[in-house]
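Me: I would like a close look at a single residue and its setting. Please start from the chain as a whole and then work down to the local detail.

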2 protein chains.
Amino acid sequence: MPDVLKNDRFLRALRLEPTDTTPIWVMRQAGRYLPEYRATRERAGSFMGLAQQPEFACEVTLQPLDRFDLDAAILFSDILTVPDAMGLGLSFAEGEGPQFARPLRSKADIDKLAVPDMDGELRYVMDAVRLIRKELRGRVPLIGFSGSPWTLACYMVEGRGSKDFATLKAMCWNEPKLAHQLLDTLAQAVAAYLIAQAAAGAQALMIFDTWGGLLGPGPFREFSLRTMAQIVAALKADAASRELPVVLFSKGAGQHLAALADTGCAGLGVDWTIDLADARAAVGGRVALQGNLDPAILRAAPAVVRREARMVLDSYGNHPGHIFNLGHGITPEVQPEQVKILVDEVHQYGRTLRGGRR
Amino acid sequence: MPDVLKNDRFLRALRLEPTDTTPIWVMRQAGRYLPEYRATRERAGSFMGLAQQPEFACEVTLQPLDRFDLDAAILFSDILTVPDAMGLGLSFAEGEGPQFARPLRSKADIDKLAVPDMDGELRYVMDAVRLIRKELRGRVPLIGFSGSPWTLACYMVEGRGSKDFATLKAMCWNEPKLAHQLLDTLAQAVAAYLIAQAAAGAQALMIFDTWGGLLGPGPFREFSLRTMAQIVAALKADAASRELPVVLFSKGAGQHLAALADTGCAGLGVDWTIDLADARAAVGGRVALQGNLDPAILRAAPAVVRREARMVLDSYGNHPGHIFNLGHGITPEVQPEQVKILVDEVHQYGRTLRGGRR
């Protein structure tokens with residue numbers, strides 16, 4: 001890409017290199033808490049309308065960067081675009097989570113699944129990546145992403161959100177071969193998808209394993225971790241993605257950080273239920289950590305937001321490799337001013353913590 | 001109590017004494033998966049009608065014992081009876097979770113809260129305990145229980161279920177004194193409630209901290225663990241409850257097991273996201289552990305249920321102090337036959353594992 005990156009804190013942190021201050025971005029930073037996002041969504045008609053029209057996706061991707069001093073942009077899209085492109089028919093009912101019109105109901109449904117065409121059904125994603133890269137003009141790096149195979153399979157088999165995704169779990173226990181067939185197909189599709197995003201201009205890649213934490217230790221390794229490791233290996237084997245840092249985020253899986261680091265990823269997302277000092281000890285400082293403020297803190301008073309942000313920074317300490325983030329996506333009722341307070345405090349205190357060196 | 005306990009495996013395990021086999025009971029064992037439960041609930045008119053009429057509560061408490069060789073009975077009630085008795089108006093909409101008609105909205109609401117009268121608003125619970133003890137005739141011990149102060153407060157402030165209970169969290173950060181006032185009042189009320197259940201005949205006590213795992217490490221200690229420790233201390237200081245083993249169950253808080261054991265409880269509930277060998281190492285064998293089969297496994301084939309049950313038993317090993325249970329409540333769509341398969345396998349394999357000694 002011809003543009004020179006003006007702010008590379010995020011990428012430096014992922015390489016465990018020193019930075020002048022701690023980089024920060026916010027999961028779901030382009031979201032309903034922003035009035036300008038809600039206005040664009042209204043024009044687009046629906047969430048999928050927003051995601052599938054590159055001009056709209058680009059517009060909302062850039063909105064939070066115009067308001068806040070964020071150190072990364074993340075492609076506006078959904079974690080479930082791949083199964084949608086596989087023909088399952090993704091939609092979002094107002095106030096509800098994602099739904100598939102044609103969930104997987106049989107072995108025949110799973111046999112029929114194929115890796116979607118990255119220049120066909122998923123072309124809109126690559127067009128969005130290209131447009132956002134162009135419009136970013138090197139301000140900050142652009143993160144591409146996908147859901148993990150386990151998380152995609154949860155929704156594909158259940159058809160919608162669930163407390164326990166017991167339908168997929170039952171398949172894992174009753175028909176493990178079929179479950180592995182599904183997960184392996186998804187691993188291939190997600191790898192191809194992330195490679196295509198890299199080729200289109202994404203500068204880092206993230207895999208959201210939202211539901212990995214619902215699994216016990218053995219099943220987590222077998223059904224969630226294994227396919228993420230396959231994807232990281234595939235990304236390292238491809239010229240387009242080889243150099244890109246990969247971040248894995250298994251929510252609620254703090255006990256598996258060391259195993260996740262073994263995949264060869266550059267960084268790990270960490271939720272707020274584990275202290276970053278413990279998380280760093282668990283991975284032996286081998287990978288960068290991204291997190292981990294409780295998103296509910298953004299509903300507290302500004303002084304509390306600042307104090308809690310400093311506590312997160314202190315828990316990581318003056319080591320390279322910390323990317324500040326929430327431990328989960330920002331929620332719609334948060335006041336945008338709170339995000340500005342957070343971002344500015346992280347940069348200011350992060351600078352103090354690091355003694356201003358770069 | 002005059003009746004001699006015919007099956008004391010559960011209480012022996014809580015005292016870390018050897019047993020001939022591993023005791024088992026199932027969270028929510030009196031529940032919608034049983035057709036006889038659904039029939040009684042229909043007659044009672046509603047969930048609260050079931051809980052508040054001792055004859056009905058007794059009937060459903062005993063139903064699973066007539067079907068399965070369970071080693072403990074648990075009072076049929078709800079974790080939210082205490083706030084209901086405080087005047088908040090508990091109800092259950094069909095297919096929804098609990099709701100309060102009058103959630104806490106201000107400091108004035110919290111100032112007004114008082115420990116309810118155990119012989120007044122909560123008399124129905126004590127009547128149920130007395131009746132169940134009588135009808136059990138010493139078959140197995142009876143467990144009394146309550147929600148934890150943190151978990152009660154979650155619902156009392158939010159008014160209903162929530163993904164993140166951010167309203168209470170915001171209070172903890174913005175008005176920590178008020179949050180502590182609420183939690184301390186609830187700790188007093190829950191202690192009095194559990195003491196009254198002990199006086200009425202409960203033989204073990206359990207505190208369900210369903211939402212403790214939503215908190216980061218510091219807030220967990222400050223807002224959830226602290227009040228549970230207060231309650232355990234109060235129970236140890238009262239003649240009626242002094243001898244009763246207490247089990248604490250903070251779901252999703254596997255990283256806090258050692259701190260939970262420090263409260264002086266006899267046992268800890270453990271969800272399925274942690275291996276029991278690791279959990280036992282974390283508490284140094286000081287307390288009994290209760291768990292931890294993934295409830296979704298009850299949707300798998302019988303051979304899988306048996307295999308996974310044996311894996312849980314093996315992960316704990318041939319040590320005293322294991323009470324087999326699910327890692328969360330049984331779900332409505334489970335076939336009752338699956339529970340029989342589980343209970344029988346646990347007893348049979350548990351006997352083998354222990355070499356049949358007592």
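Reply: In this predicted model, chain A contains 15 helices and nine strands. Its radius of gyration is 19 Å, close to the 21 Å that the globule rule gives for 358 residues, so chain A is as compact as a globular protein of that length. Along the principal axes, the C-alpha atoms of chain A fill a box of roughly 60 × 45 × 40 Å. Of the 358 residues in chain A, 55% are buried. Among contacts in chain A with a separation of 6 or more, 72% join residues 24 or more positions apart.

Next, the core. The largest nonpolar core has 253 residues, and A:Leu268 and B:Leu268 are those with the most contacts inside it. Leaving aside neighbours within four places in sequence, the contacts of A:Leu268 include A:Val247, A:Leu248 and A:Phe249.

B:Asp275 is located in the loop of chain B between strand 7 (267-269) and helix 13 (276-283). B:Asp275 has 20 C-beta neighbours inside 10 Å and therefore counts as buried, the cut-off being 20 or more. Apart from neighbours within four places in sequence, B:Asp275 is in contact with A:Pro217 and B:Ser315. B:Tyr316 is 41 residues away from B:Asp275 along the chain, with 8.3 Å between the two C-alpha atoms.

Key: Residues are numbered from 1 along each chain as its sequence is written. Chains are lettered from A and ligands numbered from 1 in the order in which they are written. This is a predicted model: local features need pLDDT of at least 70, side-chain atom pairs count only at pLDDT 80 or more; totals for chains, interfaces and linings use all residues. A nonpolar core is a set of buried Ala, Val, Leu, Ile, Met, Phe, Trp, Tyr and Cys residues joined through C-beta atoms within 7 Å. A residue is buried if 20 or more other C-beta atoms lie within 10 Å of its own, exposed if 12 or fewer, and partly exposed in between; C-beta atoms are placed from the backbone. Two residues are in contact if their C-beta atoms, placed from the backbone, lie within 7 Å. Helices (H or I, at least four residues) and strands (E, at least two) are DSSP runs, numbered from the N terminus. The radius of gyration is taken over C-alpha atoms; the globule rule is 2.2 Å times the number of residues to the power 0.38.
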